[in-house]
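Subject: Two-chain model, handed over

Hi,

Here is the complex I said I would pass on. Please open it first, then read my notes below.

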Amino acid sequence: MTALPTSIDAVETLLSGQGYVASRALATVVFLSLKLGRPLFLEGEAGTGKTEIAKTLATALGRRLIRLQCYEGLDAASAVAEWNFAAQMIAIRAAEATDRDHLKAELFTEDYLIARPLLEAMRPQPGGAPVLLIDEIDRTDEPFEAFLLEALSDFQVTIPELGTIRAPEPPIVILTSNRTREVHDALKRRCLYHWVDYPSFDRELEILHARAPEAQETLSREIVAFVQKLRREDLFKRPGVAETIDWAKCLLALDVIALSPEVISDTLGAILKYQDDIQKLQGSEAKRLLDEVKRELVPA
Amino acid sequence: MSPTYPALDIPDDGKLAHNIAHFARALRKAGLPVGPGRTLDAVRAVAAAGFDRREDFYFTLQAIFVSRPEERATFAQVFRLFWRDPRYLDHIMSLLLPQVHGVQEDRAAQAAEKRAAEALLDGQLPPPPQDRPEGDQIEIDATATMSAEERLRTLDFEQMSASEISAAKRMLAKLSLPVQPLKTRRSAPSTLTARIDARRSLRGAMRTGGEIATLARKAPVTRWPNLVVLCDISGSMADYSRMVLHFVHAVANRKGQGWARVHAFTFGTRLTNITRHLRARDVDAALKAAGAQAQDWSGGTRIGQSLHAFNRDWSRRVLGQGAVVLLITDGLDRDDTTLLAREIERLHLSCRRLIWLNPLLRWTGFAPRAQGIRAILPHVDSFRAGHSIASLEALGQAISQTDDGGERDRLMALLRG
């Protein structure tokens with residue numbers, strides 16, 4: 001188990017040691033969240049490294065990562081705990097022969113409980129308090145958000161048959177949202193909020209160096225400059241950093257050493273995920289952007 | 001909270017804490033929802049983070065005070081002004097706020113006053129003397145009221161006089177738009193279904209010593225869908241859109257009636273989100289505020305462009321949970337319709353149901369000849385007229401049936417033939 005970082009600089013070093021290049025603003029909120037023991041609420045476009053930060057933190061701190069993927073209709077039974085009905089039925093049958101008096105005390109104990117992510121995160125773990133990732137919270141509905149309030153402000157969950165279970169050491173909680181709807185203020189208020197933006201040219205280049213180190217310097221610069229240009233175009237879904245990295249890996253797999261309009265057309269599927277966007281970019285439009293990129297990169 | 005705060009980082013005289021409290025007040029004045037709890041959090045956070053660098057101090061406060069991306073710009077402005085010289089900001093605020101505040105209050109008061117005056121004076125103003133002798137007027141009026149209301153129901157919005165319009169508005173305020181609830185994947189106890197609730201059954205069995213006497217059952221919970229209204233406010237639609245917005249206001253403000261949320265947008269040459277304005281209780285104030293924000297009343301129409309803007313910026317945020325879209329436009333687009341066709345298709349694919357209200361449909365011989373109409377028609381689920389109170393009432397009845405197509409099928413046949 002690694003000790004928690006003691007300054008914002010230490011957070012930056014810790015994350016970059018795992019190949020995650022964080023902006024100063026992100027490093028600040030991560031530090032505050034660790035220091036104050038508050039959940040961290042990350043909102044932003046898809047593919048900007050929101051989920052990745054939880055994974056990186058867990059690895060860097062040597063903690064267990066517990067992930068709760070949200071979906072519509074997610075309820076307490078699948079988020080906290082469920083009873084093992086089959087085992088309970090067998091226990092009832094067995095008790096019929098012997099004594100029925102102890103049945104009541106035995107049937108609703110931890111032996112028959114199947115722990116789901118939230119309960120798991122409240123239990124002590126060998127490496128210290130785990131990192132709890134509540135992913136894409138905007139996919140659930142409001143009742144579940146309300147349910148999360150108890151779990152996130154007091155770090156405890158209540159199972160009606162068993163009582164309240166409190167975490168001995170609060171987990172490191174990270175919530176992410178793609179903003180397909182507004183999450184309620186009551187939940188946001190209990191968290192530290194950070195909007196994850198697309199990175200600047202220099203930072204994205206740094207990220208690409210960390211994630212795809214085998215790419216040549218000139219190719220990396222071209223890739224990043226092209227994606228940055230693309231984000232300023234009128235697209236339905238702008239490419240995220242994840243797409244930049246994917247694209248770089250695709251180009252490396254194809255042994256490309258410099259971008260050309262043909263190569264871009266062939267690999268557009270790695271950065272654009274909507275047919276309309278791809279159609280817009282195919283042919284002359286890609287060539288125009290590439291020419292601009294090449295002109296701008298020459299002096300550098 | 002953990003006891004590890006280096007509380008001593010804050011100077012003992014409390015100047016910084018004091019300033020942060022001032023800063024929080026400034027943010028609140030600027031419109032951010034900042035309560036005292038957040039101020040306390042901010043002092044703690046600053047104590048935890050330390051502040052060797054101005055940048056860190058900025059991000060620390062931002063993490064506490066900002067909870068929406070739109071608030072970041074305001075925060076940056078206030079931060080820049082405040083931490084230069086607190087008195088400067090106070091000065092600016094004192095210059096700006098009374099005015100802004102005054103104007104808002106004024107506006108609300110005006111609209112409310114107008115309504116109040118109407119309510120007080122209704123029926124008490126003496127009729128213009130040149131009309132008719134007063135003696136037999138009462139009788140005539142009394143008999144005419146019912147039929148007048150009947151006539152008003154079917155009268156075209158465009159042909160209404162000022163007094164008829166205000167009467168129609170009162171009728172519109174009483175209209176509702178009933179809706180069928182959606183099934184969710186969540187379940188709740190029920191007695192009438194086949195799904196067994198194992199957890200409750202076993203808990204019940206505990207009472208009878210492990211004997212399962214009755215099986216507890218459960219059924220899916222229902223919820224109300226969202227409604228998204230896209231209203232054309234260009235010149236050709238002006239008379240209708242004003243009335244329809246009255247209707248939308250009535251629907252949006254009816255509590256416990258259906259629709260979980262109502263989002264409203266207007267478009268002419270550009271798209272404007274007026275959801276926030278519609279929340280004002282007073283319909284005149286609401287529409288005035290909406291009108292002030294939408295700059296393109298009675299201008300040209302660029303339906304394709306506006307839908308494109310909606311699809312790009314809003315569709316993913318407001319169409320998420322099975323929303324129904326009500327598109328109100330005459331479909332007369334000045335631009336090339338290839339864009340329109342593409343965007344309406346995307347809109348149709350991303351919502352649960354797309355209903356098109358078109359006032360042109362009131363003409364009996366209406367045929368889909370205009371390019372824009374031909375582009376939109378194949379992608380709507382239901383096509384209805386929206387030119388009178390009766391037609392809006394009919395919409396209310398139709399919307400609760402999921403298979404209602406309105407005039408769509410008849411017109412599609414015309415389009416093909």
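Predicted model: local features only at pLDDT ≥ 70, side-chain atom pairs only at ≥ 80, totals over all residues.

Along the principal axes, the C-alpha atoms of chain A fill a box of roughly 85 × 45 × 35 Å.

Confidence

For the complex, the predictor gives an ipTM of 0.71 and a pTM of 0.72. Chain B has a mean pLDDT of 74. In that chain, 76% of the residues reach 70 or more. Two stretches of chain B need care. Residues 1–10 stay under 50 in pLDDT, and the model has 14 contacts for them beyond four places in sequence. Residues 97–146 of chain B are also below 50.

- Chain A: 15 helices and nine strands. It has 300 residues, and 39% of them count as buried. Take its contacts between residues at least 6 apart in sequence: 77% join residues at least 24 apart.
- Chain B: 17 helices and eight strands. It has 417 residues, of which 32% are buried. Of its contacts with a separation of 6 or more, 75% are between residues 24 or more positions apart.

The interface

How many residues of chain A are in contact with chain B? The count is 36, and they meet 33 residues of chain B. On the chain A side, the elements giving two or more residues are α2 (24–36), α5 (85–97), α6 (103–107), α9 (185–189) and β9 (192–196). The largest share comes from α2(A), with eight residues. By type, the chain A side divides into 16 nonpolar, six polar and 14 charged residues.

The cores

The largest nonpolar core has 100 residues. The members that touch the most others are A:Leu40, A:Leu118, A:Ile174, A:Leu192 and B:Ala42. Here α2(A) turns up again: it gives the most to this core, with seven residues. Leaving out residues up to four places away in sequence, A:Ile174 touches A:Leu40, A:Leu42, A:Ile53, A:Ala54, A:Val131 and A:Leu133. A second, separate core holds 61 residues. Its members include B:Leu245, B:Val318, B:Leu326 and B:Ile389.

Start with α14(B), residues 337–350. This helix has 14 residues and reaches 20 Å from its first C-alpha to its last. That is close to the 20 Å expected at 1.5 Å a residue. Which residues of α14(B) are buried? They are B:Thr337, B:Leu340, B:Glu343, B:Ile344, B:Arg346 and B:Leu347. Those buried residues pack against α12 (303–313), α13 (315–318), β6 (324–328), β7 (353–357) and α15 (371–376) of chain B.

Next, B:Ser306, which sits in helix α12 of chain B. Why does B:Ser306 count as buried? Because 26 other C-beta atoms lie within 10 Å, and the cut-off for buried is 20 or more. Beyond residues up to four places away in sequence, B:Ser306 touches B:Phe267, B:Arg270 and B:Leu271. B:Phe267 is 39 residues from B:Ser306 along the chain, yet their C-alpha atoms are separated by 6.3 Å.

Two backbone angles to check

A:Arg179 is not a glycine, but has a positive phi of about 65°. A:Arg179 lies in the loop between β8 (172–177) and α9 of chain A. With 17 other C-beta atoms within 10 Å, A:Arg179 is partly exposed.

A:Asp255 also has a positive phi, near 55°, in a residue other than glycine. The place of A:Asp255 is the loop between α12 (241–253) and α13 (261–267) of chain A. Is A:Asp255 buried or exposed? Exposed: A:Asp255 has 6 other C-beta atoms within 10 Å, and 12 or fewer counts as exposed.

Best wishes

Definitions and conventions. Residues numbered from 1 in each chain as written. Chains lettered and ligands numbered in written order. pLDDT = per-residue confidence, 0-100. Contact = placed C-beta atoms within 7 Å. Helix = DSSP H or I, 4+ residues; strand = E, 2+ residues; numbered from the N terminus. Nonpolar A, V, L, I, M, F, W, Y, C, P; charged D, E, K, R; others polar. Expected span 1.5 Å × (residues − 1). Core = buried A, V, L, I, M, F, W, Y, C linked by C-beta atoms within 7 Å.
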